[in-house]
Amino acid sequence: MGPNAAGTMSLESLRLDSLSEYGSTENNTNPLRHRFIYNSTQMPARMSFAQDMWGYANNNLFDQHMAPGMYIQQGGSPTYLPGADRAPDPNRMKAGILERIDLPTGGNIQFEYEPNTVSNSSLVTVGNTITSGAFISVFKGANQTFSSEYRDSFIVNEAPDPAINGDLGGVMANITLGRVKPGAFLGAPIDNNYIAYRIDRAPIPAPDPAHPFNGFSAQGPEYIDNVHLPNGKYYLVATNVGIMNDAAILGNVRNLYFGISFKIKDTTAPPSQYTAGGLRIKTISATDNYGGTPKVRSFIYDDENGSWGRQIGPDFHSYVETRISNGYRFFVRMGNNAMPGQGGQGNSVYYTKVAEVLKDGNKEFRTLHNFLKVEPNYVNFYPFVPGTDNEYARGKEILTEWTAPNGSTLETKRKTASVFDYSQPSIFTNPALKIDGIKTVVDDYSESGSGFPMFTITPYSNNLSYVYLTSDSTYDYNPDNGIPNLSWNSYEYGSYNKLPLSITSQNSKGELVVQKNAYAADVAEPALAPDATLAGQLIAANRVSDVLASKTYVDDKLVNTQYTHSHFSGSQLLTDSMRIAEYGNPLRKVVAIPSYDLQANPLSVVTPGNRFRRYIWRKERNLALATCTMPQNSAFVFTSFEYPGEYSTIQEASRTASSSFSGSYGYNLNGSLIFQGFNSAGTIEVFAWLSQGSFTANGVTAVSTGRTKGSWTLYRAEIPNYATVTIGGLCTMDQLAIVPAGSNFSATIFDSQDRISAKVNNSMQTKFFEYDDFGRLTFIRDEQGNIIINNSYQYQVNQ
């Protein structure tokens with residue numbers, strides 16, 4: 001790294017050169033390795049001042065602070081405050097940036113960057129404005145006399161614009177007065193011993209009531225800026241000029257000056273373009289070492305008026321406030337806070353259009369993205385923070401179009417569009433709200449001293465707004481018949497939680513579908529209102545976004561009604577049941593969840609047809625180990641003896657890692673296992689894989705099913721309905737399952753990394769899953785070891 005910072009450590013910095021993945025063993029001699037290659041341009045030292053307004057490297061040599069140099073008005077004349085060169089350098093800004101990733105496959109991904117180019121036609125900083133105005137300037141030689149009054153006229157006619165007039169219409173004027181009364185201030189009473197200056201507005205055209213002109217009159221100071229003149233015709237009037245004919249000065253050369261200047265849009269000049277906002281990605285190229293041409297993704301950035309982006313505000317991010325403390329006048333330099341967290345940095349750049357072009361050999365695929373353009377509102381000419389800003393709306397994607405080659409042309413295959421609405425925030429008289437609250441001192445003064453200058457820096461805040469998706473649509477091209485399929489949705493929102501109360505859609509049949517929702521605090525229809533007690537609990541818990549009820553209409557006909565009933569258990573919101581009704585039929589319960597475990601996992605679910613679905617969970621990992629759908633709400637059992645603490649009847653010392661059918665553990669049974677809670681009208685089936693010995697279920701000896709895998713054999717016993725099932729015997733077993741006859745059963749065995757190692761279906765058939773050292777699935781086998789699925793991964797040998 002380069003100089004411009006103290007200390008040797010500031011000249012060094014870490015970067016990631018490679019990432020090696022060894023899998024389950026560090027002894028792997030051929031890890032999967034990614035290498036990272038960076039731009040070789042020397043980076044500035046850490047904490048260096050050599051950075052542009054966006055934090056990228058530049059050639060700044062000023063090392064006192066980061067504020068740019070600027071002029072201020074002091075005593076009527078400009079004074080230069082030295083500062084840093086924060087201008088971007090298109091070449092230096094690439095220093096140290098990632099340019100290539102070498103992949104374990106032998107291929108690579110390359111990144112090409114280019115500077116952001118911006119042109120904000122609405123900002124004064126761009127230079128597409130010209131200065132206009134009017135003035136009264138009269139010279140008189142010795143013994144020549146002035147008239148008592150002079151006039152000149154001018155017209156203001158500028159549309160609302162954030163740079164010209166803070167979106168108020170008219171202009172923001174700077175006024176210069178000649179021969180003013182010393183010590184006078186704007187609005188002071190008129191002194192007839194001095195010339196009086198005023199600006200009058202003609203009565204026609206009539207003024208805009210929303211932006212009235214309250215007149216202007218002054219005898220000083222000599223320079224007044226940011227005077228808002230709404231559109232209309234105006235007169236500069238200088239009166240009491242006869243005092244310039246006083247005998248004491250009549251023999252001198254005298255000058256009368258009353259001038260006004262303001263910026264107006266130069267409609268004949270093209271908008272300027274300049275580098276700002278750092279870098280943007282230009283191309284991403286992917287090369288495969290095993291053949292094929294490189295795939296190149298290019299990005300083309302546009303504004304609706306040309307090939308450039310837009311800044312959300314002026315790039316010049318420093319301004320000066322005057323503070324008086326202990327009789328001293330101080331100039332306090334401050335940074336831009338238009339974007340949260342930016343502070344002394346420049347504003348962000350965004351684009352209204354981006355084209356993504358993928359070239360694969362001689363084929364070109366193009367995706368066009370269009371984004372919502374929303375400018376900040378710099379009311380009252382605070383150049384450092386907008387008075388209002390619809391920041392949440394800016395950059396929303398409003399149109400996406402996918403194209404593919406069809407012969408020599410590109411053909412649209414799909415198009416999606418979205419329309420957003422955003423509430424306009426209130427505009428205050430002074431929209432940039434001052435918050436006096438940060439104390440500071442100059443240089444090395446401290447509060448422990450006496451007579452030190454202390455003053456308050458003024459942070460500014462601005463109003464933001466909500467943004468809503470009001471409609472979206474999708475256009476799909478059908479290559480079979482050439483007829484496009486169009487679907488769309490529109491949304492209406494509630495006043496409390498800002499979520500959709502009503503969603504109107506058009507389906508593929510051309511039918512109009514309307515869904516109306518109810519939340520804890522907002523309802524689309526009174527009939528959908530939730531239970532008042534639950535609604536109050538949800539509001540108190542800030543759970544106002546859960547849909548509690550809904551109705552669906554098709555072409556104005558009610559086709560579906562749905563209610564969700566829930567309750568709180570501590571801080572957990574648990575669903576009790578769901579009821580639905582089709583058309584005008586009565587509501588019926590389609591699902592009920594009568595019980596949960598302490599982790600809020602459902603233990604039993606009542607499904608249509610009054611069937612019961614029970615679950616077994618590995619609670620500490622929230623993994624569903626088994627599920628069983630049965631005619632009665634009965635217990636069922638499945639254990640592969642993988643996890644300690646599954647059942648209290650299982651002895652930890654009897655779990656064995658030396659012999660297992662699936663997973664890592666089996667069980668040495670020498671005595672009995674007792675399970676309770678069964679409630680079956682029919683019989684109960686008991687299954688287990690044994691490698692040696694035998695077992696009984698409630699005294700019934702299990703018999704072989706004839707299915708084997710190596711030394712393991714599947715045994716089955718069928719017993720009458722009992723509330724308790726006792727498994728006895730002397731054997732080594734795995735995959736013990738106890739289920740009511742006629743049930744639909746499935747189970748999953750997980751390894752120590754929560755990967756699936758085996759799956760068991762309703763017929764107690766097991767599939768086995770195998771992984772390589774990097775955790776990737778390689779084989780799925782059946783019980784006989786036959787390969788059902790084989791995944792292979794090809795990487796270069798030497799990395």
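These legends accompany several close-up views of a predicted model. Local features need pLDDT of at least 70 and side-chain atom pairs count only at pLDDT 80 or more, while totals for chains, interfaces and linings use all residues. Residues are numbered from 1 along each chain as its sequence is written, and side-chain values use heavy atoms, with hydrogens and water left out.

**View 1. The whole protein.** The protein has 1 helix and 52 strands. Helices (H or I, at least four residues) and strands (E, at least two) are DSSP runs, numbered from the N terminus. Of its 799 residues, 41% are buried. Buried means under 20% relative accessible area, exposed over 50%, and partly exposed in between (1.4 Å probe, protein chains only). The accessible surface is about 40900 Å², with 50% belonging to carbon and sulfur atoms. Areas come from the Shrake-Rupley method with a 1.4 Å probe; for residues, only the protein chains shown count as cover.

**View 2. Glu411 and its surroundings.** Glu411 lies in strand β24 (residues 409–422). Glu411 counts as buried because its relative accessibility is 18%. Its side chain makes a polar contact of 3.0 Å with the side chain of Asn406. Such a contact is a pair of N or O atoms within 3.5 Å; within protein, one must be able to donate a hydrogen and the other to accept it, and residues adjacent in sequence count only if both atoms are side-chain atoms. Beyond neighbours within four places in sequence, Glu411 is in contact (heavy atoms within 4.5 Å) with Trp402, Thr403, Ala404, Asn406 and Tyr477.

**View 3. The largest nonpolar core.** This core holds 53 residues. A nonpolar core is a set of buried Ala, Val, Leu, Ile, Met, Phe, Trp, Tyr and Cys residues joined through side-chain atoms within 4.5 Å. Phe695, Ile727, Met733, Leu736, Ile738 and Phe745 touch the most other members. Leaving out residues up to four places away in sequence, Leu736 touches residues including Val637, Phe641, Leu673, Val686 and Ile727. A second, separate core has 31 residues, among them Tyr150, Ala173, Val241 and Ile264.

**View 4. An aromatic pair.** The model has 15 aromatic pairs. Rings of Phe, Tyr and Trp (its six-membered ring) pair if their centres lie within 6.5 Å; planes under 30 degrees apart count as stacked, over 60 as edge-to-face and the rest as tilted. Tyr647 and Phe675 pair edge-to-face, 5.3 Å centre to centre with 90° between the planes. Tyr647 sits in the loop between β40 (637–639) and β41 (655–656), and Phe675 in strand β42 (residues 666–676), 28 residues apart. Both are buried.
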